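Hi,

Here is the structure I said I would pass on to you. Please have it open while you read my notes.

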Amino acid sequence: MTELLIGNCLRRLRFMRGEITQAKLADMVGVTRQTIVALETGRYAPSLELAMKLAVVFDCSVDELFFWKDAEQAKTDYQFKGKSYE
Amino acid sequence: MPKSVLFLLCAIAFGCGLALISIYMAFPVGWVGGLALIGWVLIAKRRWEDLQATTGLEPGGPERKVRFDAVGIALLFGHSMAGYAFPEIDLHVGKGNFLAIDSWTMIAAMLVASLLSRQGKNIQDERDVAIKARGTKAGYLALISILVIFSLALAILPPKYIPTFSYFVIGNIQITVILASLLVKFSIQLIEYTKDTEPAYAMGPDE
């Protein structure tokens, strides 16, 4: 399967925040446990809504929860290269 | 190829075999297919309960539904395909075999299987919706493609074959085409789900 470019610290945060089980987390954000498994193993990129729900559960920002696996490559590929008028 | 798709091919072969058996036996084989389907549902449910307790790789509610529907449709598809491949099998009811009654019996078994497979909670989340959308797109493309091919085939068919294609036969072929497109849809969904449940990623449910 295609490797996703975005990783997450879901599993680590789950343990840091009182060992929330996958089932409980799934229940809290309204998805199936299988989706949490797919997220943790990096085979599914969530919608913005789900990402924000997860950030609320772990009381952190979406940025802290999800990250580019190769930030430098992402900058090269997606950073705005036009003229800025600020 | 995922095991679940191979299982669908086996179900098609089984459905086909049932229709062939009905040539030689004046027996409504739909009961055999229906009971086999219900038996498989009960076995699969038990196996998934074991997986839930061990690896945590049991399929979720929406995936289970796809699997049950897929196997039922595969059985029906194989059963109806045999009717076209072997002219000895009469599509009509009461003329030597029970093909139509068998199909309806298996549809009834699918309904029973669907009731048996119901879980208390069966939420469909965004991943299920995305997977369903991919399956539906593939199924729709398959439906249109097969219908175009079938229509062209009818248009260029040599006149001597025209009597074979009565309205009744054409109607039945269209039903089989719909079943084929559903099979494509379910196969794509099963492939997508399989990508998320590779044994290498197994983990206990309480982790």
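Predicted model: local features only at pLDDT ≥ 70, side-chain atom pairs only at ≥ 80, totals over all residues.

Residues are numbered from 1 along each chain as its sequence is written, and chains are lettered from A and ligands numbered from 1 in the order in which they are written.

Chain A has six helices and two strands, where helices (H or I, at least four residues) and strands (E, at least two) are DSSP runs numbered from the N terminus. Their order along the sequence is β-α-α-α-α-α-β-α. With a radius of gyration of 15 Å, well over the 12 Å that the globule rule gives for 86 residues, chain A is more spread out than a compact globule. That radius is taken over C-alpha atoms, and the rule is 2.2 Å times the number of residues to the power 0.38. The C-alpha trace of chain A spans about 45 × 35 × 20 Å along its principal axes.

Of the 86 residues in chain A, 22% count as buried (20 or more other C-beta atoms within 10 Å of the residue's own; exposed is 12 or fewer, partly exposed in between, with C-beta atoms placed from the backbone).

Q22(A), A23(A), L25(A) and A26(A) of α2(A) meet R33(A), T35(A), I36(A) and V37(A) of α3(A); contact requires C-beta atoms, placed from the backbone, within 7 Å.

Now to the contact between the chains. Chain A contributes 17 residues and chain B 13 residues. On the side of chain A that touches chain B, α2 (22-29) and α3 (33-40) are the elements that give two or more residues, and α3(A) gives the most, with five.

In chain B, V148(B) lies in helix α5 (residues 126-155). V148(B) is exposed, with 10 other C-beta atoms within 10 Å. Its C-alpha atom is 18 Å from that of I162(B), 14 residues apart along the chain.

Best wishes

Methods: Contact = placed C-beta atoms within 7 Å.
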